[in-house]
Amino acid sequence: MSYQALYRKFRPDSFEDVKGQDHIVTTLKNQIKSDHVGHAYLFCGTRGTGKTTVAKVFAKAVNCENPGENGPCGECAMCRSIAAGASLNVVEMDAASNNKVDDIRQVIEEIQYSPPQGKYKVYIIDEVHMLSASAFNALLKTLEEPPSYMIFILATTEVHKIPLTILSRCQRYDFKRITVGTIADRLRELLDHEGIQAEDKALMYIAKLADGALRDGLSLLEQCISFYFGETLTYENVLKVLGAVDHGVYAAFAEALACGDVAGMMQMIDKIMSEGKELTRFCDEFIWYLRNILIVKSAEHPENIIDMSEENLKTLVGTAEKMEQEMVFRYIRVLSEAQNQMKYASQKRVLFEVALIRLCKPEMQRDYDSLVNRIHNLEDQIARGGAVQRESAGGAARAADPAPPAKRQQIRESAVPSEVKELAANWHQVLNQLDSVAKTMLGHVTLTVNDKGTLVIAFAEDTSYSYFAGDKDRQAQMSEAAFQVTGKTVEIEYRLMANRQEYDMLPELRKLFGDIDIPIEDMEKTETD
């Protein structure tokens, strides 16, 4: 016999083997026992939770010659015939490919004939929400008053697409997501049957990735044991096969985010992608990690809610102490928006990096969560002994300073090379040659020249400066963008100005040579000089 996938090989044959749906199994067993079987059922719920499996077990149970406590006996002629797919009593139909009104009319014609054997004729219509409106209308009357030997079982993952007229004629059963513990126990049971060794931590991780769908868990497990055939399945092996990331990486990433270390996060992203990890999954799981941080900050006993080892929980608590609750709300909101966009974007990395920069620069936004984030950053700078300068919109802070305002340095136009003048005059076009992250990093800079006439891009923030100064490829992209605009090679120096007063005194070339794409804050400063 050819190889069968695990989820097919170990598909339950009785109600006893169905996991995580006790509320449904108990009801169906009692109906069979009391002979109160309905004529139409609607099984709804997310993928891989057992809808079709329960439907097939139920179809066997109502036709079984010797039904027991756990449903079909599996030994009688009817059970064997249904299991082999040779019985006319059970018909399975895929509404995704048979969704026209003619397909339903054919079903209506077929059910006019009573089953040659057994008690009931069962039609299982999978993905029933795919039926057309006319097909639903054709099914409506038959569904309301079917022959006494007829049972309809409709299965769907999108119950909101089912017409109310259909819903009102069915007994509805909602299949729940299966818990992580239940999935892990089932995986362990199957591996013991197959004689395969695996770490409990590895199975728990696979069960978590299954997201409540036992079938998904079996598929992921099969992928892992196929890659490491004949070996013990370890947690590290699972991470490598599934392109997942270890818990410690999320902790380090959260630490970098809390500290506003953009360069550090970019380096971690480089490493994650070079190892073949999926960036969308990383974003999804990092959001879940932030969710755990939120629980730590909100619940009195988070260890009862968060499924995590004591060591990892201790690390999580330490990270949570460095974040305000409103900050975590903001992180989750911004990253969730980015995750939704990443699903359909070709440049997933750019979107993710832009979202991270937004999180590290709360001054780019004006909502309440961002304001809390900015205050937290200022308090953190003060705690570390850093100098914090604040300016009011009307310049009240300057007025309180007894020292006279510093004058901006002057520069002779003849000392500026022609290509530098052209670049400054067309700075907006230069930015258009760059990606979104680079544009953001260059959003607040001053363009000036040194004594040799070399263009200087001056940064007031270490994060933006490090993005270019430490990366030759990004510098090359910047030089190429300058060449595309000016047609000449422009030598560029990247300079970090630690002293804000010295930074404000630098002459701004864009003001001298006509480029209007100057950040509003910088324009306000030049007008007051």
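In what order do the three strands of the open sheet with mixed pairing stand? The legends below begin with that sheet and refer to a predicted model.

**Figure 1. Open sheet of three strands with mixed pairing.** The strand order is β6-β7-β8. The edges are taken by β6 (445-449) and β8 (492-496), and each has a single partner strand, so one side of each is left without a neighbour in the sheet. From one strand to the next, the twist averages 25°.

**Figure 2. Pairing of β6 with β7.** Strand β7 covers residues 455-459 and pairs with β6 in the antiparallel sense, over five bridges. Within this pair, Leu-447 is placed opposite Ile-457 of β7. Strands of a sheet pair through backbone hydrogen bonds, either parallel or antiparallel.

**Figure 3. Helix α23 on the sheet strands β7 and β8.** The helix comprises residues 462-469 and lies across both strands. Relative to β8, α23 runs at about 145°.

**Figure 4. Open sheet of five strands with parallel pairing.** The order in this sheet is β2-β3-β4-β1-β5. Its edge strands, β2 (90-94) and β5 (171-175), each pair on one side only. Here the twist averages 15° from one strand to the next.

**Figure 5. Pairing of β3 with β4.** Strand β4 (residues 150-156) and β3 are joined over five bridges in the parallel sense. One of the residues shown is Lys-121, whose bridge partner in β4 is Met-150.

Figure 6. With neighbours within four places in sequence left aside, the residues in contact with His-129 are Phe-136, Thr-156, Thr-157, Glu-158, Lys-161 and Ile-162.

**Figure 7. Packing of helix α12 with helix α15.** Helix α12 spans residues 247-259 and helix α15 residues 310-320; their axes come within 10 Å and cross at roughly 10°. This makes α12 roughly parallel to α15, because angles under 35 degrees count as such. On the α12 side, His-247, Ala-251, Ala-254 and Glu-255 meet Asn-312, Thr-315 and Thr-319 of α15. Sorted by class, the residues of this contact are two nonpolar, four polar and one charged.

How values were computed:
Residues are numbered from 1 along each chain as its sequence is written. This is a predicted model: local features need pLDDT of at least 70, side-chain atom pairs count only at pLDDT 80 or more; totals for chains, interfaces and linings use all residues. Side-chain values use heavy atoms; hydrogens and water are left out. Two strands pair if DSSP finds at least two bridges between them. Helices (H or I, at least four residues) and strands (E, at least two) are DSSP runs, numbered from the N terminus. Axes are lines fitted to C-alpha atoms, for helices over the stretch in contact, and angles run from 0 to 180 degrees between N-to-C directions. Contact means heavy atoms within 4.5 Å. Angles under 35 degrees count as roughly parallel, over 145 as roughly antiparallel, 65 to 115 as roughly perpendicular and the rest as oblique. Ala, Val, Leu, Ile, Met, Phe, Trp, Tyr, Cys and Pro count as nonpolar, Asp, Glu, Lys and Arg as charged, and the others, Gly among them, as polar.
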